[in-house]
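Open the model in your viewer and keep the selection panel at hand. The stops below go from one selection to the next.

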Amino acid sequence: MSIHNELLDDKDTFSLVKLQMQKKISKPSYEAWMKDVYFSSIESDQMTLVAPNVFARDWLEERYAELIKFLLKSINGKDYTIRFIMK
């Protein structure tokens with residue numbers, strides 16, 4: 001899937017990433033780790049995402065950051081680094 005659509009804002013782009021994540025990981029994993037993650041900002045090709053707690057932040061960094069980067073690139077053609085922060 002390659003959208004490359006300049007009409008999508010960054011928040012919409014991350015919403016599309018979450019939709020794709022639902023197809024790529026199990027429903028229990030999505031519910032536990034991705035459901036409550038939300039977009040914060042993009043600065044200098046670094047996307048900041050908000051995790052609900054420190055445990056989720058660490059888990060996401062270790063296990064899903066690369067998949068998120070891959071999905072972002074497939075959606076808008078850009079390479080991002082991913083940073084997770086806590087709520």
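Start with the side chains of Glu62 and Arg63, which meet in a salt bridge at 3.3 Å, N to O. A salt bridge here is a side-chain nitrogen of Lys or Arg within 4 Å of a carboxyl oxygen of Asp or Glu. Glu62 counts as exposed at 61% relative accessibility, while Arg63 is partly exposed with a relative accessible area of 43%. Buried means under 20% relative accessible area, exposed over 50%, and partly exposed in between (1.4 Å probe, protein chains only).

Before moving on, note that this is a predicted model, in which local features need pLDDT of at least 70, side-chain atom pairs count only at pLDDT 80 or more, and totals for chains, interfaces and linings use all residues. Residues are numbered from 1 along each chain as its sequence is written, and side-chain values use heavy atoms, with hydrogens and water left out.

How many salt bridges are there by this rule? The count comes to five. Select Asp79 and Lys73 for another one, with the closest N and O atoms 3.2 Å apart. Asp79 is exposed, at 54% relative accessible area, and Lys73 is partly exposed at 39%. Then select Glu31 and Lys35, whose salt bridge has its closest N and O atoms 3.7 Å apart. Both ends are partly exposed: Glu31 has a relative accessible area of 38% and Lys35 one of 44%.

Next, show α2 (27–34). Helices (H or I, at least four residues) and strands (E, at least two) are DSSP runs, numbered from the N terminus. Which residues of α2 are buried? They are Tyr30, Trp33 and Met34. These residues lie on the same side of α2 because they cover an arc of only 95° around the axis, the arc being that of the directions from the helix axis to the C-beta atoms. The buried residues of α2 pack against α1, α3 and α4. Turn to the face away from the buried side to find the exposed residues Lys27 and Pro28.

Now go inside and select Met21, Met34, Leu49, Ile68 and Ile82. These have the most contacts inside the largest nonpolar core, which has 23 residues. Such a core is a set of buried Ala, Val, Leu, Ile, Met, Phe, Trp, Tyr and Cys residues joined through side-chain atoms within 4.5 Å. The elements giving two or more residues to this core are α1 (10–24), α2, β2 (46–51), α3 (54–63), α4 (65–76) and β3 (81–86). The largest share, five residues, comes from α4. Centre on Ile68: leaving aside residues up to four places away in sequence, Ile68 touches Val17, Met21, Met34, Leu49, Ile82 and Phe84. Contact means heavy atoms within 4.5 Å.

Return to the surface and select Val54, Phe55 and Met86, a nonpolar patch with about 290 Å² of accessible area together. Patches are made of residues with over 30% relative accessible area and no salt bridge; like charges are joined within 9 Å, and nonpolar side chains (Val, Leu, Ile, Met, Phe, Trp, Tyr) within 5 Å. Accessible areas come from the Shrake-Rupley method with a 1.4 Å probe, and for residues only the protein chains shown count as cover. Val54 sits in helix α3 and is partly exposed, at 41%.

The last stop is the loop between β1 (38–43) and β2, where Ser44 lies. Ser44 has a positive phi near 50° in a residue other than glycine, and Ser44 is exposed at 75%. Asp45 is found in the loop between β1 and β2 too, with phi near 60°.
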